[in-house]
Amino acid sequence: QVQLVESGGGSAQTGGSLSLSCAASGRTANRRCMAWFRQAPGKEREGVAVIDYGGRSRYADPVKDRFSISKDNAKNTLFLQMNNLKPEDSATYYCAATSWCGGIMGGVPAETTFTYWGQGTQVTVSS
């Protein structure tokens, strides 16, 4: 089993920054590929960024050049640095993990690829 616990959500103004963390525990092999998703009220959950076991990353178009995904394997922690925030970034952000997500050259894999999910952390960006 894998457990994921997000933290770091909160409020920011347009143009501001927030940093999210996801503390992971459980079998390492089950979380070789990790990602961030988000879901705004009334909308479907969407992929934001993914990072594979080798450290390669991909981003959804709306967040490219503004968000950065990274991980600290020694601390079993996934991060999402969000800069130049916009009101449309407001959502509940989820950390997700799976043992293998295949190639990520095409972008963030679908949410059905991921087996394990955190409880989510709220991000609100005001104009």
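**Strands, disulfides, cores and rings**

Mentor: Strands β7 and β8 form a hairpin with four residues between them, and N76 in the turn has a positive phi of about 50°. This is a predicted model, in which local features need pLDDT of at least 70 and side-chain atom pairs count only at pLDDT 80 or more, while totals for chains, interfaces and linings use all residues. Residues are numbered from 1 along each chain as its sequence is written, and side-chain values use heavy atoms, with hydrogens and water left out.

Trainee: How are strands and their pairing defined, and in which sense do β7 and β8 pair?

Mentor: Strands are DSSP runs of E with at least two residues, numbered from the N terminus; two strands pair if DSSP finds at least two bridges between them. Here β7 (residues 67-72) and β8 pair in the antiparallel sense over six bridges, and F67 stands opposite M82 in β8. Strand β8 (residues 77-82) is also paired with β3 (residues 18-26), again antiparallel and over six bridges. In that pairing, C22 stands opposite L78.

Trainee: How many disulfides are there?

Mentor: A disulfide is a covalent bond between the sulfur atoms of two cysteines. The criterion is a pair of cysteine sulfur atoms within 2.5 Å, and the count comes to two. One is formed by C22 and C95, whose sulfur atoms are 2.1 Å apart. It links distant parts of the chain, with C22 in β3 and C95 in β9 (residues 91-98), 73 residues apart. The torsion about the S-S bond of C22 and C95 is about -75°, so this disulfide is left-handed.

Trainee: And what is the handedness of the link between C33 and C101?

Mentor: With 80° about its S-S bond, the link of C33 and C101 is right-handed; the sulfur atoms are 1.9 Å apart. C33 lies in β4 (residues 33-39) and C101 in the loop between β9 and β10 (116-117), so the pair ties together parts 68 residues apart in sequence. With bonded cysteines counted along the chain, the pattern is 1-3, 2-4.

Trainee: Is C22 buried or exposed?

Mentor: Buried means under 20% relative accessible area, exposed over 50%, and partly exposed in between, using a 1.4 Å probe and protein chains only. C22 is buried, at 0%, and C95 is likewise buried at 0%. C33 and C101 are buried as well.

Trainee: Which residues have the most contacts inside the largest nonpolar core?

Mentor: In soluble globular proteins, nonpolar side chains tend to be buried together. A nonpolar core is a set of buried Ala, Val, Leu, Ile, Met, Phe, Trp, Tyr and Cys residues joined through side-chain atoms within 4.5 Å. The largest has 29 residues, and those with the most contacts inside it are L4, M34, W36, L80, M82 and Y93. A second, separate core of eight residues includes A35, F37, V50 and C101.

Trainee: How many aromatic pairs are found?

Mentor: Rings of Phe, Tyr and Trp (its six-membered ring) pair if their centres lie within 6.5 Å; planes under 30 degrees apart count as stacked, over 60 as edge-to-face and the rest as tilted. There are three such pairs. Among them, F37 and F114 are edge-to-face, at 5.4 Å centre to centre with 75° between the planes. The rings of F114 and W117 have their centres 6.4 Å apart and their planes at 75°, so this pair is also edge-to-face. F37, F114 and W117 form one aromatic cluster. F37 and F114 are both buried, whereas W117 is partly exposed at 25%.
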